Amino acid sequence: MLKRLFLLSLLLLIPFQSFYAVTAANSKAQEILQGAKYPVDFRWGTAVAEWQNSGSDNLGRSNWSDFEEKILKNGKPTIKDGQKSGKSCDCWNNMERNIAYMQQIKLNSYRFSVSWEAIEPKQGEYNQAAIDHYHTLIDSLIVAGIDPMITIIHFVHPGWFEDLGGFEKQENIAIFTKFAEKVFTEFSSKVKLWCIINESNVLGFQSYINGEFPPGQKGNVFLAATVVRNLMQAHAETYLKLKALPNGDKAQIGFVHQYLTFEPYTWFNPVELVVTKFLTACFANAPVLAFLKTGKFNPIPYTSSWNYEAPTKGPLADFIGLNFYSRILFNLCKLDTDCYPDEIMTDMPYALCPDKFYNAIQEVSKVGLPIYVTENGIADKFDNRREIYFKGYLGALSKAIKDGFDIRGFYYWTLIDNFEWNHGRHLKFGLVEFNDKTKETRLRDSVQLYTDVILASAA
Ligand code: BGC
């Protein structure tokens, strides 16, 4: 009898327990929201890039498929441990799985890039099967209540375009614009949110200064500036062309910029000061933001060799896509990037610094365009810092909304553990964990907090 009574009382307690769990989750979310009133149509999303998620084996020859096969002069592979993208987390063949996860997380938008090498494997020859693949993806997203946002190019282009000199050659810009027009014509009746080029500044920096992206050149500031200049021209010309196409007036077409600054670990260390000033300048925050406002790009002071002036003063975008990860602290004693003792380092290695995210929002807002946070996330293999990250960054986002900044969406980078460029499979940014050996997937525990915030923001 006593045993039965005990069991019965446990049963009666269950609804109270879950009530308290829900209330606790809700109060955590409310704390993050700080009373901010999110717009009703705010996009809560996640962002991915096709090559990172589907790999060269699904997509075909590209500058990255060539690069991952290369061995450097010092005998080392270009990708950490000589890893290959293969099929990565095989998103090409698993769109239903991905959409089910997005629904479970309560996301209402998905930023993805299309594969130029899959759609146009030979110059001027389009692959209908690849185009149909994206129609199916877009239709399935819409049916699931998830708004698609397309990025036309995210660091990867076909091998044949690389053979022609890629974005190093100004005359190749028209080839990219033609591809962009093709993609826009195919999908713009269904897709309203567009990004043309992902992070021109990162592409220039990583490919020609840091040497970590193809073609792997180091310290070539001149070529880096040339490529970024050409990408600015590519953006401006493509933007104007797409706006003039059918559906162009209804589409929101953005410019995606990674806002990153380098800072000295010790403010009075002259070497750290000079190095970080130089690196921040190479990252071109100020010239890129000025370009969006004025139509004039002038990346290197005292010379006009890399200047570009767009055919119209502006606007050159309908929104600015802010990608933000961290600021980089340079510590000469370690000859490496660092973080202060009261900060938490992530696996990238980027320190968690939500206050700098707020600063970045302030800076990009000066362009005067609506803002979408098109990427923000954390590499956290053991999922033991992601909840702290959500509290900090979604807190900073809420503060910015509360302070009146015109922010229309937030896209967590990224949906599922993927192939992190030259770092290969080592970095785990995913909301969903992907087991490289068994190919099994699992939603990470910390993601519940993201869902709670999304739900509470709509309440
Ligand atoms: C890129 C992503 C990348 C992320 C994390 C961003 O700069 O757009 O492709 O995975 O940073 O490194």
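Before going on, two notes on what you are looking at. This is a predicted model, with residues numbered from 1 along each chain as its sequence is written. Local features need pLDDT of at least 70, side-chain atom pairs count only at pLDDT 80 or more, totals for chains, interfaces and linings use all residues, and side-chain values use heavy atoms, with hydrogens and water left out.

**Stop 1**

Now show distances from the ligand's oxygen atoms. A polar contact here is a pair of N or O atoms within 3.5 Å. Glutamate 199 has a side-chain N or O atom 2.6 Å from a ligand oxygen. Histidine 154 brings a polar side-chain atom to 2.9 Å from an oxygen of the ligand, and for tryptophan 413 that distance is 3.2 Å. How much of the ligand does the protein bury? Taken alone, the ligand exposes 310 Å², and 96% of that is buried by the protein; the areas come from the Shrake-Rupley method with a 1.4 Å probe.

**Stop 1: the largest pocket**

Where does the ligand sit? It sits in the largest pocket, meaning that more than half of its atoms lie within 2 Å of the pocket's grid points. On a 1 Å grid over the protein atoms alone, a pocket is an open set of points with protein on both sides within 12 Å along at least five of seven lines, while a cavity is a set where a 1.4 Å probe fits but cannot get out; lining residues have an atom within 4 Å of a point.

The largest pocket holds about 1,300 Å³ of space. Select Gln206, Asn210, Glu212, Asn422 and His423: of the 46 lining residues, these are the closest to the pocket's centre. Then colour helix 9 (200-208), which gives the largest share of the lining, 3 residues. By class, the lining has 24 nonpolar, 12 polar and 10 charged residues.

**Stop 2: the second largest pocket**

This one has a volume of about 250 Å³. Among its 16 lining residues, pick Val221, Ala281, Cys282, Pro299 and Ile300, the closest to its centre. Helix 9, helix 10 (221-244) and helix 11 each give two or more residues to this lining, and helix 10 has the largest share, with 4. Its lining has 15 nonpolar, 1 polar and no charged residues.

**Stop 3: the cavities**

How many cavities of 30 Å³ or more are there? The count is 5. The largest cavity has about 130 Å³ of space; select Glu50, Cys91, Asn98, Tyr110 and Leu137, which lie nearest its centre out of 14 lining residues. Helix 4 (95-105) gives the most to that lining, with 4 residues.

Finish at the second largest cavity, with about 60 Å³ of space. Of its 13 lining residues, Trp51, Ser113, Val114, His154 and Val156 are the closest to its centre.

Methods: A polar contact is a pair of N or O atoms within 3.5 Å; within protein, one must be able to donate a hydrogen and the other to accept it, and residues adjacent in sequence count only if both atoms are side-chain atoms. Grid points are joined across faces, edges and corners, and a volume is the space filled by probe spheres set on the points. Ala, Val, Leu, Ile, Met, Phe, Trp, Tyr, Cys and Pro count as nonpolar, Asp, Glu, Lys and Arg as charged, and the others, Gly among them, as polar.
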